[in-house]
Amino acid sequence: MRKLALLALATLILPAYADVRYTKKVTFQHGDSEGMSMQTTTFLKNRRERIDTVMQAGPMRIQQSELTLCDLEKRARLDSELKIYTSSPLRPQLSEMRNPLEGPDKPEGAPIQPGTGTYTMNYKVQDLGVEKVAGLDTHHYRLQITMQSTGCAGESLNNIDREVWIADLPRLECPVLDASSDFSMKASESDPAPCKIKLIQQGDVKLYQAAMKGEPVKEILYHEGAAMMTTELTEYSSAALDDALFSLDGLKAVSEGEFQQQMQAKMMRQFRP
């Protein structure tokens with residue numbers, strides 16, 4: 001599942017001009033996640049986004065929400081039942097920055113080495129034409145992306161293979177996140193010897209950028225040629241949304257560690273008679 005986190009590098013953020021709500025169903029067909037299901041509902045209003053996620057795995061049901069508050073440069077995870085949330089800045093501390101191409105096996109807190117490095121993105125894109133999906137006009141693409149890092153960015157190589165059906169639907173506008181194209185890392189603001197990273201894009205760059213100008217209403221993620229995850233749009237609405245959906249009022253701020261503890265305890269209570 002670590003490859004899902006890498007999709008952040010392969011996705012452009014596009015503007016949202018009106019209130020939007022849409023629901024997607026995610027099913028897993030590969031490995032330990034086979035038979036698991038997940039549903040996400042995304043709410044967009046002005047410069048704020050809320051994503052409610054419900055995951056079902058046998059008797060276990062996990063529900064969680066995440067807010068991206070671009071106007072406050074803040075991201076928060078919350079649980080409405082527990083009435084708690086934990087937040088972090090959209091501009092992470094430079095000492096916390098790390099190679100986004102590396103998986104979670106990389107030790108946290110590893111020192112940032114000065115010097116130069118590269119992130120190389122190689123795109124292979126097949127334009128498969130126009131199709132109707134979920135009642136919407138979509139453009140069908142197969143995207144194969146190789147991502148490699150070198151030098152002080154660390155040594156890593158990852159591949160992503162996606163099939164997407166893109167519709168002209170609104171997405172979040174967040175300049176703070178758009179500014180994240182500079183991947184250079186340093187231990188502190190005053191560090192005179194940062195790790196200077198160059199982003200290199202190769203292959204079908206323009207076609208890839210065209211493929212990202214919209215919202216996927218269907219997506220299949222492949223692993224070694226076999227479908228491992230399918231995402232499909234099930235509902236879409238442009239009705240006005242309540243501001244309360246994007247507020248943390250009435251919730252208690254807790255640390256990341258406490259949030260995780262309370263969420264784990266809540267999950268374990270599902271197995272008690």
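Reader: Where is the place of Glu 73?

Author: This is a predicted model, and in it Glu 73 belongs to the loop between β4 and β5. Glu 73 has a positive phi of about 50°, although it is not a glycine. At 31% relative accessibility, Glu 73 counts as partly exposed.

Reader: How should I read the disulfides, and how many does a search of the whole structure find?

Author: In general, a disulfide is a covalent bond between the sulfur atoms of two cysteines. A search of the whole structure finds 2 disulfides. In one of them, Cys 70 and Cys 174 have their sulfur atoms 2.1 Å apart, and with -120° about the S-S bond this link is left-handed. The pair links distant parts of the chain, 104 residues apart, since Cys 70 is in the loop between β4 (60–69) and β5 (74–79) and Cys 174 is in the loop between β9 (156–167) and α2 (175–178). Both Cys 70 and Cys 174 are buried.

Reader: Which parts does the disulfide of Cys 152 and Cys 195 tie together, and is it right-handed or left-handed?

Author: The sulfur atoms of Cys 152 and Cys 195 are 2.0 Å apart, and the torsion about their S-S bond is about 85°, so this disulfide is right-handed. Cys 152 lies in the loop between β8 (136–151) and β9, and Cys 195 in strand β10 (residues 195–203), so the pair ties together parts that are 43 residues apart in sequence. Cys 152 and Cys 195 are both buried. When the bonded cysteines of the protein chain are numbered in sequence order, the pairing reads 1-3, 2-4.

Reader: Turning to the rings, how many aromatic pairs does the count come to?

Author: The rule rests on the distance between ring centres, with a cut-off of 6.5 Å, and by it the count comes to 1 aromatic pair. Tyr 123 and Tyr 208 form this pair, 4.2 Å centre to centre with 15° between the planes, and the pair is stacked. Tyr 123 lies in strand β7 (residues 115–133) and Tyr 208 in helix α3 (residues 205–211), so the pair ties together parts that are 85 residues apart in sequence. Both Tyr 123 and Tyr 208 are buried.

Reader: Which charged residues lie over rings?

Author: The charged end of Arg 142 sits over the ring of Tyr 222, 4.1 Å from the ring centre. Lys 218, in turn, lies over the face of Trp 165, at 4.8 Å from the ring centre.

Reader: Which residues in the largest nonpolar core touch the most other members?

Author: Of the 21 residues in that core, Tyr 123, Tyr 141, Leu 143 and Tyr 208 touch the most other members. At least two residues of this core come from each of β1 (20–28), β7, β8, β9, α3 and β12 (226–237), and β8 gives the most, with 4 residues. Leaving aside neighbours within four places in sequence, Tyr 141 is in contact with residues including Val 125, Leu 128, Arg 162, Ile 166, Leu 207 and Ala 210. A second, separate core has 17 residues, which include Val 20, Cys 174, Val 176 and Tyr 222.

Conventions. Residues numbered from 1 in each chain as written. Predicted model: local features only at pLDDT ≥ 70, side-chain atom pairs only at ≥ 80, totals over all residues. Heavy atoms only, no water. Phe/Tyr/Trp six-rings, centres within 6.5 Å; stacked < 30°, edge-to-face > 60°. Buried < 20%, exposed > 50% of the residue type's maximum accessible area, 1.4 Å probe, protein only. Lys NZ or Arg CZ within 6 Å of the ring centre and 35° of its normal. Disulfide = S-S within 2.5 Å. Core = buried A, V, L, I, M, F, W, Y, C linked by side-chain atoms within 4.5 Å. Contact = heavy atoms within 4.5 Å.
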